[in-house]
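I opened the model to look up folds, pairing and contacts. My entries follow in the order in which I made them.

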Amino acid sequence: MSPLVNATWETIYMVAISGFVAALLGGALGIILFLTAPKRALSNAAIHQSLGLIVNIARSIPYIIFMIALIPITRLIVGTSIGTLAAMVPLTLAAAPFYARIAESAFNEVSPGLIEAVTAMGAKASQLIWYVLLPEAMPSLIRGLTITLIALVGYSAMAGIVGGGGLGALAYHYGYQRFDAQIMLSTTAILVVMVQVLQWVGDYLAKKLSRRS
Amino acid sequence: MIKLQNINKNYAQKGRKITALQDINLYVNSGEIFGIIGGSGAGKSTLLRCVNLLEEPDSGEVIVDGKSLLDLSTVSLRDARRKMGMIFQHFNLIATKNVFHNIALPLKLTKLSSKDIQERVQELLELTGLQGYAKAYPHELSGGQKQRVAIARALAHEPKVLLSDEASSALDPQTTRAILSLLQDINQQLGVTILLITHEMDVIKQICQRVAILDQGQIIEQGEVLDIFTQPKHAVTKSFVATCMKESLPSDILDKLHTTQQNSNDHPLLHLAFRGNSAVEPVISGLVKHCDVMVNILQAHLETIHGESCGAMTLSLENADKCDAAVDYLRKNGLQVEVLGYVALG
């Protein structure tokens, strides 16, 4: 069963690292998208619209094409386009804009009255982010991260087909190419469990942090 | 303390220009509670937000504590805003933070040590009667308690000015009274100048010294609350005063009211307003004797505003021909008299 355990760890590793980096990048993008919108603290139409366009373009490309199109950039960053490490580059770059939109909508849910109150207190934009936007949006940000991580589990399986590691590669090479039904079923079962655990943890954290009756 | 000069503010909505505020001039003295009353859409919210520049006026001057806010840099404006507290109808607390951290928020925006913050929050909790609630979350509190948290938060930096945006409008009458008297205590004990907006004349009556009436973006009347109550000039002001004095006549009488006398059994209906200690009973008795007229009191209401009583009364006269003489007599005795019209009673 060693290849299965190995592949499981690779998937967890890929999803965790790319999810973490995507959350940071996408979260920052989401904050910029939110604050540069009209009538916001740092409203700037040029930045808002160009960032919005980049995010939309990245999100409109199907992942399988995105991944292949990104091979030269992947090579530039990690030196190779094959393996787990290489798979994490397109995973991160696909998940970041996805999460940016989720984060932006989470910030949009923060009460405008509260933002007004904090502005009236004389808060800087950085203080508004740190003391109000992040804590108030945190439950939604966590729910959004759960969705992103689950999407990443799916993307990471696709990465396996073009030379990435993980459960996707295992299922493809053993399950599909060698007709190994047992491996096919096992990888599927592991993926199901993985998604269930992610959803459960995400729901638990979001509920714990929401503090609303 | 607060001086608004020639404030104008327009909005563009679907290409149309909408005037929100028109040539507003307002002066709020240091240490007073000043009320702005208006119906919905009158522009009072925009006007209040012009004071701390949450809304920037198109033209005019905003001077708070001697500083012209429109001339300040971003950094100086932030400092000026710290010296102005603001409270809201819907409290605007951070739902994910407890009472302590909500009150501490404005303090954390400056470089205060956590020990100083701890002490200051403790003082504010005591001031607003929230001892023991430091660890509670907003959703565990009643509306009145949430507004107390918001008031404590607004007072964190010992502001000279407190702006109140319909602070009691989401509360029940009893809680409203408690919150208003807390505001009054803060005004008297800490000397904080309060500028409040409301759509309820009761709020004005309870705590304001002076009032401005805003209608369609313009101040149509302003002055001492007692004067406005007893001598409202503008129709909008009269209707606000009437809501508070509970002087709406029964609809069956209103339906029968004519502006002119239509037949001989129509009785003139008079509205009297009076203030001060001029007791009204001798005046009415005098009216009966002096003008030889029968009087029927339909409605009367007495209020005490800042220790002085004022009131209003609606009465009908049995003899229409004595109407002019009766009005003369009442006016000579210091009452505000208005002939509402003629009605056939009974």
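**Entry: chain A.** I began with chain A, which has nine helices and zero strands. Helices (H or I, at least four residues) and strands (E, at least two) are DSSP runs, numbered from the N terminus. Along the sequence I read the pattern α-α-α-α-α-α-α-α-α for chain A. The C-alpha trace of chain A spans about 65 × 40 × 25 Å along its principal axes.

**Entry: ground rules.** I noted that this is a predicted model, in which local features need pLDDT of at least 70, side-chain atom pairs count only at pLDDT 80 or more, and totals for chains, interfaces and linings use all residues. Side-chain values use heavy atoms, with hydrogens and water left out, residues are numbered from 1 along each chain as its sequence is written, and chains are lettered from A and ligands numbered from 1 in the order in which they are written.

**Entry: the interface.** I looked up which residues touch, where contact means heavy atoms within 4.5 Å. On this criterion, 22 residues of chain A are in contact with 22 residues of chain B. The area buried between the two chains is about 2100 Å², and carbon and sulfur atoms give 62% of that. Buried area is the accessible area (1.4 Å probe) that two parts lose on being put together, summed over both. On the chain A side, A:Met121, A:Tyr131 and A:Arg211 lose the most area to chain B, together 32% of what that side buries.

A:Glu116 forms a salt bridge with B:Arg49, with the closest N and O atoms 2.4 Å apart. I also found seven residue pairs in polar contact between chain A and chain B, both residues at pLDDT 80 or more. A polar contact is a pair of N or O atoms within 3.5 Å; within protein, one must be able to donate a hydrogen and the other to accept it, and residues adjacent in sequence count only if both atoms are side-chain atoms.

Which elements of chain A give two or more residues to the side that touches chain B? They are helix 6 (112-120), helix 7 (125-161) and helix 9 (181-210) of chain A. Helix 6 of chain A supplies the largest share, seven residues.

**Entry: salt bridges overall.** I get 14 salt bridges over all chains. One pair is B:Asp65 and B:Lys160, whose side chains meet at 2.9 Å, N to O. This pair links parts of the chain 95 residues apart: B:Asp65 is in the loop between strand 4 (59-64) and strand 5 (67-68) of chain B, and B:Lys160 is in the loop between helix 5 (143-154) and strand 7 (161-165) of chain B.

**Entry: a sheet in chain B.** I traced four strands of chain B that form an open antiparallel sheet in the order 12-13-11-14; two strands pair if DSSP finds at least two bridges between them. Strand 12 (295-305) and strand 14 (336-343) of chain B are the edge strands, each pairing on one side only.

Strand 12 and strand 13 of chain B run antiparallel and are joined by ten bridges. B:Asn296 stands opposite B:Ser316 in strand 13 of chain B. These two strands form a hairpin with two residues between them, and B:His306 in the turn has a positive phi of about 50°. Strand 11 (residues 267-275) and strand 13 (residues 308-317) of chain B pair over seven bridges, also antiparallel. I noted B:Thr314 in strand 13 of chain B as the bridge partner of B:His271.

Methods: Salt bridge = Lys/Arg side-chain N within 4 Å of Asp/Glu carboxyl O.
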